[in-house]
Amino acid sequence: MTDIQHLPPAAGVPAPTTSPRKGDIAVAGQWTLFWLKFKKHRLALVSLFVVLFLYLVAAFADFIAPLDPNATNATFTYAPPTPIGLFIDGSFAPHVEGLSMTLNQDSMRREFAVDPENPVRIGLFVPSQPYRLLGFIPMQTKLFGALEPGPRSAVYLFGADRLGRDIFSRVVHGAKISLSIGLVGVFLSLVLGVVIGGISGFFGGTVDLVIQRFIEFLRSIPTIPLWMGLAAAIPVGWPPIQTYFVITLIVSLIGWTSLAREVRGKFLSLRNEDFVVAARLDGMSEIGIILKHLVPSFMSHIIATLTLAIPTMILAETALSFLGIGLQPPIISWGVLLQEAQNIRAVSQAPWLLFTPAAAIVIAVLSLNFLGDGLRDAADPYESHS
């Protein structure tokens, strides 16, 4: 007798589709479930692209920034943002409006006005002074800039500061430090949190008791005063790069404690599961069980937690630098830019000095938080799937 299930479909009857059924979710892999849940979180998906864009800007800051972030121009101190135009006399000619400067005899301040008679032509992939992209690729081209660079060619998209330095170029270069300090700090927190939390949860007993009391001691210390005290102990004469790494260590000092507690809880719930017992009976070492079985079983949760920790690291560096006890010039970070804008003259005469780095911080922190929320929801994929 012919099996009905193997008969071909009748004429006019559509063949069954191969789309995944709800029952397939129960046997899907961990990362498949993670992605299925994450892509439904539209805001997190958009934030992922924003975060990738910000880190690309940070990586290629030397190529994107049209001017040297430390180049001064006394003619354009506190110059306002220069508007961009696309046409000159009906012809397509990208440019920024020229600026004319006059000295107000009453307030003794420089006043700038748009000078439409002297536009500054701009273009893509313009020649520049030699530099090294990513620190090792020799380049002599910028993404955009003045076609005829000179002291009067003011291309200040975000305005200029008290020394006539381009704020746009400084914000772009500041992303390198502010965003990378979050990644480095989170990496250190990952290592400390997983190792110490894993040891605490896996072995338990006296080891767990000692580690948990130590974590509670660290968490009981007020964070900002601790950071301020440790940052103030950095010698003033240290080179900028050494100061950068020390600040990274400081902001990572407390960040690992919350991850360690979460890892401990996961280990406590998983250490007596059947697959752990089977690994022990198979002769696998305790370290092997931790690294090959326990940690990968909740890696998606760790990724979500670390993503939410990056904004905390960025805000910590910004706060320390803004208070003047973190990174210092000539290092350029968003916190340093905010610190340079905290005077009455800058706020009243050039509010863009405060607005532009603050806007960059807000965009980065919000995007990372939305991304972290989406990853955290996706880390529990069995919660709901429609």
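Tutor: Let us begin with Glu216, which has a relative accessibility of 35% and so counts as partly exposed; please keep in mind that this is a predicted model.

Student: Which salt bridge does Glu216 make with Arg261, and how far apart are the N and O?
Tutor: The side chains of Arg261 and Glu216 meet in a salt bridge with an N to O distance of 3.4 Å. Because Arg261 belongs to helix α7 and Glu216 to helix α5, this pair ties together parts that are 45 residues apart in sequence. Arg261 itself is partly exposed, at 34% relative accessibility.

Student: And what does Arg213 pair with?
Tutor: Arg213 forms a salt bridge with Glu216, where the closest N and O atoms are 2.7 Å apart. Here both residues, Arg213 and Glu216, lie in helix α5, 3 residues apart, which is about one turn of the helix.

Student: How many salt bridges turn up in the whole structure?
Tutor: The search of the whole structure finds 6. Another one of them joins Lys176 and Asp62, with the closest N and O atoms 3.7 Å apart. Since Lys176 lies in helix α4 and Asp62 in helix α3, the pair ties together parts that are 114 residues apart in sequence.

Student: Is Asp62 buried or exposed?
Tutor: Asp62 counts as buried, with a relative accessibility of 19%, where the cut-off for buried is under 20%. Lys176, in turn, is partly exposed, its relative accessible area being 31%.

Student: Switching to pockets, what is the volume of the largest pocket, and which residues lie nearest its centre?
Tutor: The volume of the largest pocket is about 780 Å³, and of its 34 lining residues, Pro66, Leu67, Asp68, Pro69 and Ala71 lie nearest the centre. By class the lining has 18 nonpolar, 10 polar and 6 charged residues, and at least three residues come from each of domain 1 (75–162) and domain 2 (170–385).

Student: What about the second largest pocket, and which element gives the most to its lining?
Tutor: The second largest pocket holds about 400 Å³ of space. It is lined by 22 residues, and Ile254, Gly255, Ser258, Ala309 and Thr312 are the closest to its centre. The element that gives the most to this lining is α10, with 8 residues.

Student: Last one, what does the chain look like over residues 177–205?
Tutor: The unreviewed UniProt entry annotates residues 177–205 as one of its transmembrane regions, and in the model that stretch is 97% helix and 0% strand, with the end C-alpha atoms 42 Å apart.

Terms used. Residues numbered from 1 in each chain as written. Predicted model: local features only at pLDDT ≥ 70, side-chain atom pairs only at ≥ 80, totals over all residues. Heavy atoms only, no water. 1 Å grid on protein atoms, 1.4 Å probe; cavity = no way out; pocket = protein on both sides within 12 Å on 5 of 7 lines; lining within 4 Å. Points joined across faces, edges and corners; volume = space filled by probe spheres on them. Nonpolar A, V, L, I, M, F, W, Y, C, P; charged D, E, K, R; others polar. Domains from an automatic or database assignment. Helix = DSSP H or I, 4+ residues; strand = E, 2+ residues; numbered from the N terminus. UniProt positions renumbered as here; feature names shortened; annotations may be inferred. Salt bridge = Lys/Arg side-chain N within 4 Å of Asp/Glu carboxyl O. Buried < 20%, exposed > 50% of the residue type's maximum accessible area, 1.4 Å probe, protein only.
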